[in-house]
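This report describes the aromatic pairs of one protein and then turns to its overall build.

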Amino acid sequence: MRRLACLIALCMALFVPPTAQATGKDVTVFAAASLKTVLDEVGAAFAEATRHEAVLSFAGSSVLARQIGFGAPADVFLSANPHWMDVLEEAGSLTPGTRRDLLGNALVLISHAPGAPVDLNAQQLTAALGDGRLAMALVDAVPAGIYGKSALQSLDIWDRVAPQVAQTDNVRSALALVALGEAPLGIVYATDALADPRVHLRASFPAASHDAITYPVAGIGAEPDPAARAYLEFLSSPEAREIFRAHGFVVLED
């Protein structure tokens, strides 16, 4: 009898009622570095609403796309331009029917020290730059750098400033160079400028000077699990849209 009682007690100790079981599951999200501040906040709201946790990995879109292509275990990918999403789609890495354009952004010139607005021409930009460096993300690989180089070429400035460009792995690293005073000027997204009070907005690039800045999102894999699908759906929720707008993004699904 005592043995039976012990077995019953052991079974009761091991049994966890369904209401007490953990219902959340991690979702691995690979996202462009420029999304860090906003997706940290969206992730917290997502966890509170769904009990799933978003595990966020940030880097340049090119780096993330290559990692996914080599088999990195991402559930969701948010790119800072369509090109790297196209690469993964052509490789068959995206979950069918999940790709969509989520956000838009703008391109700006920032400085470490406050100053008057800079006209975006070669004379004014080189005068403001002096002997310093112009911080930019990798101009041939990372979306922010690609957009920035295109804008400077469109405005006939690139050839004058190219020797002074300091290229970084991602746009947040370019932002950090300016914020720390290591570079007097930098080209980043408008949302990056809002995210760091140590930098000052000096100019906004005309939208026509570069391709539209678009952030597509998609699931990764043949079929997303319920947690990944919940995250994709949450990105379009009223709560997430409000957070995106508060951080300066254009919500393309409006």
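A residue is called buried under 20% relative accessible area, exposed over 50% and partly exposed in between, with a 1.4 Å probe and protein chains only. By that criterion Phe46 and Tyr231 are both buried, as are Tyr215 and Phe249. This is a predicted model, in which local features need pLDDT of at least 70 and side-chain atom pairs count only at pLDDT 80 or more, while totals for chains, interfaces and linings use all residues. Residues are numbered from 1 along each chain as its sequence is written, and side-chain values use heavy atoms, with hydrogens and water left out.

The structure holds six aromatic pairs, where rings of Phe, Tyr and Trp (its six-membered ring) pair if their centres lie within 6.5 Å, and planes under 30 degrees apart count as stacked, over 60 as edge-to-face and the rest as tilted. Two of these pairs are set out below.

| Pair | Centre to centre | Angle between planes | Class |
|---|---|---|---|
| Phe46 and Tyr231 | 5.0 Å | 90° | edge-to-face |
| Tyr215 and Phe249 | 5.7 Å | 80° | edge-to-face |

Phe46 in helix H2 (residues 36-50) and Tyr231 in helix H10 (residues 226-234) are 185 residues apart, and their pair links distant parts of the chain. Ring pairs also link Tyr147, Tyr189, Tyr215, Phe244 and Phe249 into a cluster.

Of its 254 residues, 48% count as buried.

Note on methods: Helices (H or I, at least four residues) and strands (E, at least two) are DSSP runs, numbered from the N terminus.
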